[in-house]
Amino acid sequence: MNVQDLKKIWSFEKKKDNTYILKKYKGKESKVVVPGIIGKTIVSEIDSNCFPYNNDFIEELDIDENIEIINKIYGFKKLRKINFKKVPKQIKAICVLGDNIESFGIFGEKIYFKNRLIAVSNNIDENFVVEDGTVEISDSAFSHCQKIKSVVLPESVKVIGEYSFASCSNLEKINLEKVEKIENSAFSCCDKLHIVNLNSIKELGSSAFKLCGINELNISGLEKIPREGFSNCSELEKIVIGEGTTTIERSAFEWCDNLIDITLPKTLKTIEDSAFIGCKKIEKINLSNEVETFTYSFESSIYDKIRPKTNENQDDNTSSYSIQELLNETKNMPKDEIEKFIRKLLTEHKLDHFDTSNITDMNVIGFNKDNGEITWKCHKCGYCTSYLWDLLVENGKMIDKFDYYGCGFCG
């Protein structure tokens, strides 16, 4: 194919070494032949965003032998084959739906590259054994693989990458005893994963086990329990956090609605806002008075038991609403009174700097009695919301940004 024809379906740029990097595929073919030369110039690299995200037309990729660097291949709905003819010098990540992919050319049914497991096909055994010497499970390696039920890791594996096992809905067992780092969303939505051992973990990413089926959690040696690390784990009943943990971050165990028993370490210093919001069944918790909490670290009914309003950590000069008080004050409030109520809240929480006169439509304030929510709706899309008490805890910073910029999801 001549240069002019290639320009119609590929965007590319010259690199410092006088080779090309492919920036964007503009075609619509189901089988894509990735060129290794354009004109007289070698193509050596594929950019991370080269292929249309979430596309449903590409089924097969032919990777030319000249391609030496694969930054990331992801975003395919129907990709079945990636035909590697030669092992590249660098592969960062290949994110394909595990139930779709059939083969990887010379790599066969799985890609091992420089002591990393990069990706697996839908032909792997449901009880998968990772090769000895592997040190890392790369980003999205098993993502959406519905076939997999158990994974055996060698002691050499120390890192589990982002989304590595995300949405593996039938994964029941994996040994993590020697793993030291688990990155963001690595096991999110693994609802049959009931037992994990995290006693060797040194670093845990946000949402690492969000929406998992964990029954009981034992974790030690981790300085911070990350944001949304175990949120929405509806089967979680008991947590034992060992010594060394100093912080439980925002929303870490949010909406673990069957959580009953919590054991906290003496090293714990801070439980951030919303850490245990939605955990309404907590019966046992050894919370020291020295631990800093926020008004909305826990459900109001739990918070009132463990942090009475006379707590010396509270500022006696600042009014503070519990969630229940917010609900009680607004349950019979007509819509035209909402603006006055919000202004009153802002004043009582010393948020006078927030100029409510800029709000042209007070319908952005919403109230859902059934779910106990008072929300600030995005003024752009009118759909996404942020909890009003979350905004207040942030001293008005979030509410300013939310009103001006929108929710961030709608652009």
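**Salt bridges and a strand**

Colleague: How many salt bridges does a search of the whole structure find?

Modeller: The search finds 13 salt bridges, each being a side-chain nitrogen of Lys or Arg within 4 Å of a carboxyl oxygen of Asp or Glu. This is a predicted model, in which local features need pLDDT of at least 70 and side-chain atom pairs count only at pLDDT 80 or more, while totals for chains, interfaces and linings use all residues. Residues are numbered from 1 along each chain as its sequence is written, and side-chain values use heavy atoms, leaving out hydrogens and water.

Colleague: Which side chain meets Glu45 in a salt bridge?

Modeller: That of Lys15, at 2.7 Å from N to O. The two lie 30 residues apart, with Glu45 in strand β5 and Lys15 in the loop between β1 and β2; strands are DSSP runs of E, at least two residues, numbered from the N terminus.

Colleague: Are Glu45 and Lys15 buried or exposed?

Modeller: Both are buried, where buried means under 20% relative accessible area, exposed over 50% and partly exposed in between, with a 1.4 Å probe and protein chains only.

Colleague: And what does Lys23 pair with?

Modeller: Lys23 forms a salt bridge with Asp47 (3.7 Å, N to O). Lys23 counts as partly exposed because its relative accessibility is 26%, whereas Asp47, at 16%, is buried.

Methods
Helices (H or I, at least four residues) and strands (E, at least two) are DSSP runs, numbered from the N terminus.
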